[in-house]
Amino acid sequence: MLRALRSIARLVRAARVLGRHDALFPLELREEMPGVLLALMPLAKIRFPWEAQPETAGDAGERLATALAALGPAYIKLGQFLATRPDIIGDELAGDLRSLQDRLPPFSMGEARAIIEEGLGKPMGDLFREISSPIAAASIAQVHKARVKRASETEEERNVAVKVLRPGIEERFARDLESFFWVAEQIERHYAPARRLRPVEVVQTLAESVRLEMDLRLEAAAMSEMAENIAKDKGFRVPKIDWERTARRVMTMEWIEGTPASDREALAAAGHDMHRLGTQVIQSFLLHAMRDGFFHADMHQGNLFVDAEGNLVAVDFGIMGRIGANERRFMAEILYGLVMRDYVRVAEVHFEAGYVPHSKNIHAFAQALRSVAEPIFGRPAREVSMGKLLAQLFQVTEQFDMRTRPELLLLQKTMVVVEGVARHFDPDHNIWESAEPVLKSWMMEKMGPEARIEEAAAGAMQLGRVMANLPDVLNRAERTARLLADSVDEEGLRIHPASAEAIARAQEARSPWWHPALWAAIGAAGALILTKLF
């Protein structure tokens, strides 16, 4: 009850902020939403004399983004997360929310100093020779430029970036997430059409993402893991982590000297090949996703720099995506099938992966896929977005009860963002031309004859392990047969006295066959056999 009251109070506040920005349309469009949520709307629309006039500039998505930013960090993250879920809020609104800015006023240097010293267990003067005021501030953390002191005569001073969590951010997120969970539970309980979208699971995914972002050691570990994955790659790198100056609420990394990827004019003036940069960002993302199964899931222009050598350098690893081997093969076979226009095979892949129920008609599904893919073949490749094509395919799958796959949606969303970066570098960039070498190489490696031989070898090893355990399985079977034989005499099966007594009580009560006492007797007999066997 207390949880519900707390959640309702917070939701009333949130509804009033949404109301002031004329951003309550998500509820207004769904009259069948739970009554407890619809009841907030009259409260939200009340205007008190001392309140400012509603801020209603911009279209619906822009108003919603402004309202979420005004509600604070948790709602900003919610909006950014929903931008990855067009299956829930629609393509248009998801597109509007992608522009949601994650910028907040910085907190004081005194607070930053206290967090750094507490987290690293040393005075600031022992850690850094100097540290700047905040150079960037977001909803969860802010960044300072600092200079590391020399630990010895042989060590050089170096510039670093120091990321510091906001004071009290964990508690604030915990409160808001409690409300998000409560709303998701109400929607799932009272609004049947939304159950397929699994709103509680969606909030759980958001909560896990935020939890990872609020432990900077995990972000540092993600950077370290990607650095290992791409050690032999060219054209893309990540900053080095200073583990000695990194803790849960503080992260120190290499300072990147480079040009922001968002500044196209500066990049061109510096002589960088814009077409090559477009190719590099597409191929790097696909390598990370398809080869490694681990990719930067927030790779927009603001999180990319170009260094003097022309390398792309990614920062802000708070949101990462992982794709398992099965999902990678699923995506590769889909893309390959679409290129070959083999829609029946694409449909078969969905069924084989268990994404579409076998009760559905595979040929009808193939026909639906054809309706999405065929129109693209008459258009120039540079006009076709791989990410948007996948988004359309996922929309079609909804009609066939394909359950939401958050990891694939995150991949698709990131692909759209990366394609946008490529075309920011080079407006006429051909995404498919850049992607082809990576996809072709991956397909040959994972689906060619050598890969099939490796799979067969792996299957043989698995069979070998099963066969190695076969004598033990046969011994157990023999003991079971012997135990059952020993329990049978001329009069039939002998059972434990306690089991016989339970059966007698059940019979005396003349209870029906489903009476619990009878099942207890059967369970006791089974337990006795299992005890002797194992």
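Trainee: How do the axes of helix 17 and helix 18 cross?
Mentor: Helix 17 (residues 343–352) and helix 18 (residues 362–373) have axes that come within 8 Å and cross at roughly 120 degrees. Axes here are lines fitted to C-alpha atoms, for helices over the stretch in contact, with angles from 0 to 180 degrees between N-to-C directions. Helices are DSSP runs of H or I, at least four residues, and strands are runs of E, at least two, numbered from the N terminus.

Trainee: What does that make helix 17 relative to helix 18?
Mentor: The angle makes helix 17 oblique to helix 18. Under 35 degrees would count as roughly parallel, over 145 as roughly antiparallel, 65 to 115 as roughly perpendicular, and the rest is oblique.

Trainee: Which residues make the contact?
Mentor: On helix 17 they are Y343, V344, V346, A347, E348, H350 and F351, and on helix 18 I362, F365, A366, L369, R370 and A373. Contact means heavy atoms within 4.5 Å. By class, that is ten nonpolar, one polar and two charged residues. Nonpolar covers Ala, Val, Leu, Ile, Met, Phe, Trp, Tyr, Cys and Pro, charged covers Asp, Glu, Lys and Arg, and the others, Gly among them, are polar.

Trainee: Before I go on, where does the model come from?
Mentor: It's a predicted model: local features need pLDDT of at least 70 and side-chain atom pairs count only at pLDDT 80 or more, while totals for chains, interfaces and linings use all residues. Residues are numbered from 1 along each chain as its sequence is written, and side-chain values use heavy atoms, with hydrogens and water left out.

Trainee: OK, rings next. How many aromatic pairs are there?
Mentor: The count comes to five aromatic pairs. Rings of Phe, Tyr and Trp (its six-membered ring) pair if their centres lie within 6.5 Å; planes under 30 degrees apart are stacked, over 60 edge-to-face, and the rest tilted. Take F351 and F365: their ring centres are 6.0 Å apart and the planes sit at 65 degrees, so the pair is edge-to-face. F351 is in helix 17 and F365 in helix 18, 14 residues apart.

Trainee: Are F351 and F365 buried or exposed?
Mentor: Both F351 and F365 are buried. Buried means under 20% relative accessible area, exposed over 50%, and partly exposed in between (1.4 Å probe, protein chains only). Along with F400, F351 and F365 form one aromatic cluster.

Trainee: Switching topic: where is F236, and what does it touch?
Mentor: F236 lies in strand 5 (residues 236–237), and at 4% relative accessibility it counts as buried. Leaving out residues up to four places away in sequence, F236 touches M226, I230, Q280, S284, H288, M299, L304, N311, L312 and A314.

Trainee: Last one: how many helices and strands does the chain have?
Mentor: There are 25 helices and 13 strands, and buried residues make up 44% of the 534 residues.
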